[in-house]
Amino acid sequence: MKKQNLPQDESNLQSANMTEVLYVTDENDNYTTANSIGWDAKKAALEESMELINERIEEAKQNVANNLVSPIIYFMEFNKMDFQVLAAYVNMWQWTVKRHSKPKIFKKLSDSTLKKYADAFDISVDELKNFNGK
């Protein structure tokens with residue numbers, strides 16, 4: 001894309017006084033960088049992605065409220081993690097984290113295990129233990 005054609009559409013970046021650095025070509029067709037405050041197509045894609053993420057978070061919250069999953073699932077979704085990422089943060093096997101996502105197993109976890117999860121989610125153990133999805 002030519003530097004003079006770089007989109008400068010309104011976006012969330014603009015409201016945060018931020019810009020995005022993109023590679024463009026100058027008048028001599030040499031690659032260089034330029035700042036953009038937004039791009040309508042990218043904005044639409046990001047908004048759609050955020051809507052999907054928010055739907056997953058809300059679904060996880062409802063599943064906790066209905067006692068289908070443990071609060072680990074809600075906080076994992078809220079923090080945009082998956083089992084692999086969370087397992088790395090808490091230094092456990094993925095299958096162990098999946099097991100802890102079951103309400104019956106979660107209720108039996110020790111405070112030291114819950115502390116690992118709470119630290120990964122940047123919340124207190126009490127917040128983790130007492131989250132009921134409501």
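**View 1. The end of α7 and the aspartate that follows.** Aspartate 122 comes after α7 and has a positive phi, near 60 degrees. Helices here are DSSP runs of H or I with at least four residues, strands are runs of E with at least two, and both are numbered from the N terminus. This is a predicted model, in which local features need pLDDT of at least 70, side-chain atom pairs count only at pLDDT 80 or more, and totals for chains, interfaces and linings use all residues. Residues are numbered from 1 along each chain as its sequence is written, and side-chain values use heavy atoms, with hydrogens and water left out.

**View 2. The buried face of α7.** Which residues of α7 are buried? They are Thr113, Leu114, Tyr117, Ala118, Ala120 and Phe121. Buried means under 20% relative accessible area, exposed means over 50%, and partly exposed lies in between (1.4 Å probe, protein chains only). The buried residues of α7 fall within an arc of 160 degrees seen down the axis, so they line one face of the helix. The arc is taken from the directions from the helix axis to the C-beta atoms. The cover over these buried residues includes α3, α4, α5, α6 (103–106) and α8.

View 3. Leu86, Ala87 and Val90 are the buried residues of α4. Their arc around the axis is only 100 degrees, which puts them on the same side of α4. They pack against α3, α5 and α7; contact means heavy atoms within 4.5 Å. The face turned away from the buried side carries the exposed residues Gln84, Ala88 and Tyr89.

View 4. Aspartate 82 caps the N-terminal end of α4. One of its side-chain oxygens lies 3.2 Å from the backbone nitrogen of glutamine 84. Just after α4, asparagine 91 takes a positive phi of about 60 degrees.

**View 5. Tyrosine 117 and the largest nonpolar core.** A nonpolar core is a set of buried Ala, Val, Leu, Ile, Met, Phe, Trp, Tyr and Cys residues joined through side-chain atoms within 4.5 Å. The largest one has 26 residues. Leu86, Tyr117, Phe121 and Leu128 touch the most other members. At least two residues of this core come from each of α2 (40–65), α3 (71–78), α4 (83–90), α7 (111–121) and α8 (125–130). Leaving out residues up to four places away in sequence, tyrosine 117 touches Ile72, Leu86, Val90, Met92, Thr96, Val97, His100, Leu109 and Leu128.

**View 6. Histidine 100 in α5.** Histidine 100 lies in helix α5 (residues 94–100). Is histidine 100 buried or exposed? Histidine 100 is buried, because its relative accessible area is 7%. Residues up to four places away in sequence aside, histidine 100 touches Ser70, Ile72, Met92, Ile105, Phe106, Leu109, Thr113 and Tyr117.

View 7. β1 and β2 pair in the antiparallel sense over 6 bridges. Pairing requires that DSSP finds at least two bridges between two strands. Threonine 25 has tyrosine 31 of β2 as its bridge partner. The hairpin has 5 residues between its strands, and aspartate 29 in the turn has a positive phi of about 60 degrees.

**View 8. Aspartate 26 in the loop.** Aspartate 26 lies in the loop between β1 (20–25) and β2 (31–36). Aspartate 26 is buried, with a relative accessible area of 16%. A polar atom of its side chain lies 2.9 Å from the backbone nitrogen of asparagine 28.

Key. A polar contact is a pair of N or O atoms within 3.5 Å; within protein, one must be able to donate a hydrogen and the other to accept it, and residues adjacent in sequence count only if both atoms are side-chain atoms.
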